[in-house]
Amino acid sequence: MQDKITQLLAEIQAGSYKALARGITMVENDLEGYSTLLSQLKNTDAAKVVGITGPPGAGKSTLVNALLHHWIKADKRIAVIAVDPSSPFNYGALLGDRIRMADFYNHNNVYIRSLATRGALGGLHAKIIEITDVVKHAPFDYILVETVGVGQSEVEIAGLADCTVVALVPEAGDEVQTLKAGIMEIANLFVVNKADRDNADTLYRTLRILAHERSMGDDETPVIKTIATTQDGLAELAAAIETYLTTHNTIPEKKLQLLTERCWQIIQHRQMRGFNKAKLLLQLQEAVQSPMFNLYSFTDSFVENNS
Ligand SMILES: Nc1nc2c(ncn2[C@@H]2O[C@H](COP(=O)(O)OP(=O)(O)O)[C@@H](O)[C@H]2O)c(=O)[nH]1
Ligand SMILES: [Mg+2]
């Protein structure tokens with residue numbers, strides 16, 4: 001087993017997508033040897049992780065596709081991890097992202113992997129940190145992680161990414177006033193996508209004001225207008241990402257905070273191993289029938305029977 005893992009890691013490092021796919025699948029499904037694989041990953045920060053988050057339909061996948069166009073021209077190697085939202089009631093991955101990134105499905109310098117959220121109720125994929133670390137072992141310049149911004153996942157992506165891009169659309173104009181503090185906190189860059197639509201300037205100005213109020217004398221979070229479908233603003237977005245990465249790479253406190261956050265999440269995910277939300281739903285469905293139902297004693301026995 002040990003030899004096989006060493007071999008697999010060498011192939012991933014040499015750029016084999018087949019080996020990378022196998023490594024990811026091992027980690028995703030807890031296959032034999034996956035913890036050996038994880039503990040032998042090289043500590044490399046060569047690939048920069050760029051998180052793209054925002055509400056459904058904001059154009060995140062289209063932005064990813066547009067960034068791929070831009071970076072391919074500069075001869076960069078890029079991996080995309082798209083976390084597909086899936087309803088807790090059907091546990092399936094959507095095909096949309098695959099279609100919107102189809103331009104690059106067979107490009108030598110691009111590797112694309114979609115992951116289903118597996119009913120993590122809007123959160124990130126439970127293995128996203130581990131999977132990203134496996135991808136980091138491969139020779140990429142950038143790793144783009146697309147996630148739907150709902151609740152907890154925004155904070156999680158901030159712990160994962162070297163630069164977090166929050167994509168919003170003009171339709172969100174009024175909501176922005178009430179945006180949770182969370183999304184403001186985690187944004188290293190704001191994108192106003194669909195700038196071809198009415199009200200893009202209103203949203204742009206609102207975000208500029210918010211970014212200014214929040215900066216308290218420090219650098220303001222940049223706001224960039226894009227039309228992802230036509231590449232408009234993409235050079236500016238790519239430049240802003242690069243600027244952020246080069247100026248924020250070496251702040252030790254920030255890095256330490258992120259590592260603490262990652263370690264914390266790994267511990268949480270390890271503790272949740274063995275638990276299955278679909279199974280929980282089924283058992284609850286039955287348990288609530290009883291007039292004696294008590295959520296706390298139900299939880300105690302569910303934990304006991306599944307760990
Ligand atoms: N008009 C316009 N439509 C866009 C733009 N960017 C994306 N779209 C469209 O918006 C829809 C949702 O895009 P998608 O990338 O799937 O959004 P996601 O859910 O955030 O990944 C698609 O039909 C895109 O073609 C844009 O800049 N302008
Ligand atoms: Mg998408």
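This is a dialogue about reading a predicted model of a protein chain.

Trainee: Where do I begin? How many helices and strands does the chain have?

Mentor: Start with the overall inventory. This chain has 14 helices and 7 strands. Among its 307 residues, 44% count as buried.

Trainee: And what share of the contacts comes from residues 24 or more positions apart?

Mentor: Counting the contacts with a separation of 6 or more, 77% join residues 24 or more positions apart.

Trainee: Let me try a single residue. Is leucine 8 buried or exposed?

Mentor: A residue is called buried when its relative accessible area is under 20%. Leucine 8 has a value of 4%, so it is buried. You will find leucine 8 in helix 1, which covers residues 2-13.

Trainee: Which residues does leucine 8 touch, apart from those up to four places away in sequence?

Mentor: Leucine 8 touches Ala19, Arg22, Gly23, Met26 and Leu37. Take alanine 19 as an example: 11 residues separate it from leucine 8 in sequence, and the two C-alpha atoms are 6.0 Å apart in space.

Trainee: Now the helices themselves. At what angle do the axes of helix 1 and helix 2 cross?

Mentor: Helix 2 spans residues 17-28, and its axis crosses that of helix 1 at roughly 125 degrees, coming within 8 Å. Angles from 65 to 115 degrees count as roughly perpendicular and those over 145 as roughly antiparallel. Helix 1 and helix 2 are therefore oblique to each other. Their crossing is left-handed. On the helix 1 side the contact is made by Ile5, Leu8, Glu11 and Ile12, and on the helix 2 side by Ala19, Leu20, Arg22, Gly23 and Met26. Notice our leucine 8 in that list.

Trainee: How are helix 4 and helix 11 placed: oblique or roughly perpendicular to each other?

Mentor: Helix 4 (residues 60-73) and helix 11 (residues 234-248) pack at about 80 degrees, with 10 Å between their axes. They are therefore roughly perpendicular to each other. Leu63, Ala66, Leu67, His70 and Trp71 of helix 4 meet Leu234, Ala235, Leu237, Ala238 and Ile241 of helix 11.

Trainee: What should I know about cores?

Mentor: In soluble globular proteins, nonpolar side chains tend to be buried together. Here the largest nonpolar core has 44 residues, and Leu20, Val135, Phe140 and Ile143 touch the most other members. At least three of its residues come from domain 1 (1-41), and at least three from domain 2 (43-252).

Trainee: Which residues is valine 135 in contact with, leaving aside its neighbours within four places in sequence?

Mentor: Valine 135 is in contact with Leu20, Ile24, Ala79, Ile81, Phe140 and Ile143. Apart from this core lies another, of 31 residues, including Ala66, Leu67, Val169 and Ile224.

Trainee: Last topic: backbone angles. What is the phi of aspartate 30?

Mentor: Phi of aspartate 30 is near 55 degrees, a positive value in a residue other than glycine. Aspartate 30 sits in the loop between helix 2 and helix 3 (34-39). With a relative accessible area of 32%, aspartate 30 is partly exposed.

Trainee: And where is asparagine 199?

Mentor: Asparagine 199 is in the loop between strand 6 (189-192) and helix 10 (200-215). Its phi is also positive, at about 75 degrees, although asparagine 199 is not a glycine. Exposed means over 50% relative accessible area, so at 52% asparagine 199 counts as exposed.

Key. Residues numbered from 1 in each chain as written. Chains lettered and ligands numbered in written order. Predicted model: local features only at pLDDT ≥ 70, side-chain atom pairs only at ≥ 80, totals over all residues. Heavy atoms only, no water. Core = buried A, V, L, I, M, F, W, Y, C linked by side-chain atoms within 4.5 Å. Buried < 20%, exposed > 50% of the residue type's maximum accessible area, 1.4 Å probe, protein only. Domains from an automatic or database assignment. Contact = heavy atoms within 4.5 Å. Helix = DSSP H or I, 4+ residues; strand = E, 2+ residues; numbered from the N terminus. Axes fitted to C-alpha atoms, helices over the stretch in contact; angles between N-to-C directions. Parallel < 35°, antiparallel > 145°, perpendicular 65-115°, else oblique. Left-handed = near helix turned anticlockwise from the far one by under 90°.
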